[in-house]
Each structure stands twice: as structure tokens, then as C-alpha cells.
Amino acid sequence: MIDEVSIRSRARQFMLGLDLSNIDKDLSVYTQKVNAKLTYEEMSYGESGYTLTRRNGKSSIVVNELERRERQRFSACHEVAHLVLGLASNHQETPSWSYAKREDNEIACDIFASELLMPFDAFKRDVDQDEPSFELIEQLRAKYVVSFAACASRLAATTDYPCAFVFMDSKVVRYASRSKALRGLNAWVEMRAPVPNGSVAHRLIQSGDWSGEDSDISQDVWFRDWPKGYDLTEMAKHYPTFDETFSLIWFEQDSGPQEPVKNWSGTPMQDDDDGLKELDGVLSFHSRSKKK
Ligand SMILES: [Zn+2]
């Protein structure tokens, strides 16, 4: 079982005192701290990176130069995490969408990596400038040079708005990250449930359209076991080619409930987060197979 909070705090400790002003271009401030050199090589499809440590303590972090830049950066930070946390890699082949099956060590390193790439204080400051939106995500992902999913997920987790980022394929909800405010309202999105009827995401999948927005989504569409009564805003994007659908859902200022909602069936017995499902910033969705 992963202690997410302690991993995040290990990452923040690791970053203390470092000059982070250049990390959008150059991650050597991190690699140097673990006595590693970052190199690039062609790897096979789906492989992201690995680390070699010599007897003298120096390491080489190698990332797949064929992958997108955002992915390379994530891989480099993931490898730094292996070194800092002293966690062994699991090099087993894993099928796509296998997030839930990923080894604890790998998930821990993903969490650590997201902290390195999107330093909390700066990221939070940027997120707080505006209401959640896809435009804001685009702006932030360009600034922090991270994948859309990693950025959106972290945005949803850090905003003060009651907000969730939901990641789906064409059938099922795969992953969600929720803000503290939304968790405080007792709103949770069911994992592995069908893409909900009545959502923008569902509409896009049915029609094959690529993007849509609606500010009158009934809240019980998304949140399990909720009453009706408030309207959510949902913006969704659907990529038929990759079979990926993303939704950002949130209550606009003062449009959500003021108090935690009493769920009809009382407090859920099941920990819907499974401890791990709602990590912000994770995201190996695009790594189809080998992850080292
Ligand atoms: Zn790893």
C-alpha cells in the first residue's frame, strides 16, 4: 500500500533549495542531485526509460528519444524517483490501461515525478488565477511541459473549486482526480463504471464529436448516489483514434452545495479512491507496455 502523502512530502523535501526556474527546459537540477546523467536512446515502442547505476555510485538515466518530449520528461523524473526512494523497477510487460495493475513502486515513482514536474506552490498559484477550463489546462501544460492528462489531473486536484478530472475510454471511467473541495462535498466518481448517460462525454462518444461543453449537467449524472438539484459544468474532449475521453467537471462559484451532501446510502463503505486511483499527476496512460 502506498502512502501517497509521504511520497509527495519526500518529493518536496528533495526539491527544497533547488533552483527550479529552468525546469521547463532542463531537468539537470534533479538528475545532478541524484548523481545521474540524463541520456537519450532509441528504445522499442512502449519503453520509456531505465537507470544504470555504476559501482562508483554514478547513474545514467536513459529515456526513449522516440517518445514525445512530455513523456521523456516524465520518464526522467520517474527514474530520479527510483533513485531517491530507493525503489526497484518492475520491468514487466503490462497491458495498456493497466494503471490499476501497476506495481506500487511504479505508482510511487509516478507520484514523485508529478511533484517534480509541477512544483506545488508555483502550480497552485497558476491554477488559482482562473476557473478550471481546458484553456487553462492548455496554458499550464505548455508552461510545465507535461501531458494533458497529467496537467488536468493535477489541476483538478489542486484547484479550490469543487472540481474533478475524469479519464475514460469509450466505455468505462478509468480514473478520476478530485479537488479537496469536491471530496469535502462527498462527491465521488465511480471507477470502472460505464461513461454516464447524460454526460457531455457520453454524448461525444455517441456522436463521434471531438469536444463539447455544457453548464447544466445534473450533478447526479456524475456523482454516485447524489440527489439532483445543482448544475455542474462539464467540458469534455473525445479522441476516437486513441479511444480516449476526458472530462473536466466543476461547480462554478457558489453554484454547488454549501454543505457536504448526505448520500442516500450513508457513508460509503468502500474507499472509492482505493487509496491510489485519484492521484494527481500520474499518468502513464500513453505508455502502452514496458515501463521501467
Ligand atoms: Zn519505474
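This text walks through a predicted model, from the whole chain to a sheet and then to its helices.

Start with the whole chain. It holds 10 helices and 8 strands. Of its 292 residues, 43% are buried. Look also at how the chain folds back on itself. Among contacts between residues at least 6 apart in sequence, 60% join residues at least 24 apart.

Now turn to one sheet. Strands of a sheet pair through backbone hydrogen bonds, either parallel or antiparallel. Here 3 strands form an open sheet, and their order is β1-β3-β2. The pairing is mixed. Which strands stand at the edges? They are β1 (36–41) and β2 (49–53). Each has a single partner strand, so one side of each is left without a neighbour in the sheet. On average, neighbouring strands of this sheet are turned by 20 degrees against each other, direction ignored.

Take the pair β2 and β3. Strand β3 covers residues 59–64. The two strands run antiparallel and are joined by 5 bridges. To find your place, look for T53, which stands opposite S59 in β3. A helix packs on this sheet: α3, residues 69–85. Helix α3 touches β1, β2 and β3. Its direction makes about 150 degrees with that of β3.

Follow α3 to its helix partner. Two packed helices are described by the angle between their axes and the distance between the axes. The partner is α4, residues 104–117. The axes of α3 and α4 come within 8 Å and cross at roughly 115 degrees. The crossing is right-handed. Which residues make the contact? On the α3 side they include F74, C77, V80 and L85. On the α4 side they include A108, F112, A113 and L116. By class, the contact has 12 nonpolar, 2 polar and 2 charged residues.

Next comes α6, residues 134–144. Its buried residues are I137, L140, R141 and Y144. An α-helix has 3.6 residues a turn, so residues three or four places apart point the same way. The face of α6 turned away from the buried side carries the exposed residues E135 and A142. What covers the buried residues of α6? The cover includes α4, α5 (120–127) and α7 (148–158). After α6 comes V145, whose phi is positive, near 55 degrees.

Note on methods: Residues numbered from 1 in each chain as written. Predicted model: local features only at pLDDT ≥ 70, side-chain atom pairs only at ≥ 80, totals over all residues. Pairing = 2+ DSSP bridges. Helix = DSSP H or I, 4+ residues; strand = E, 2+ residues; numbered from the N terminus. Axes fitted to C-alpha atoms, helices over the stretch in contact; angles between N-to-C directions. Contact = placed C-beta atoms within 7 Å. Left-handed = near helix turned anticlockwise from the far one by under 90°. Nonpolar A, V, L, I, M, F, W, Y, C, P; charged D, E, K, R; others polar. Buried ≥ 20, exposed ≤ 12 C-beta atoms within 10 Å, placed from the backbone.
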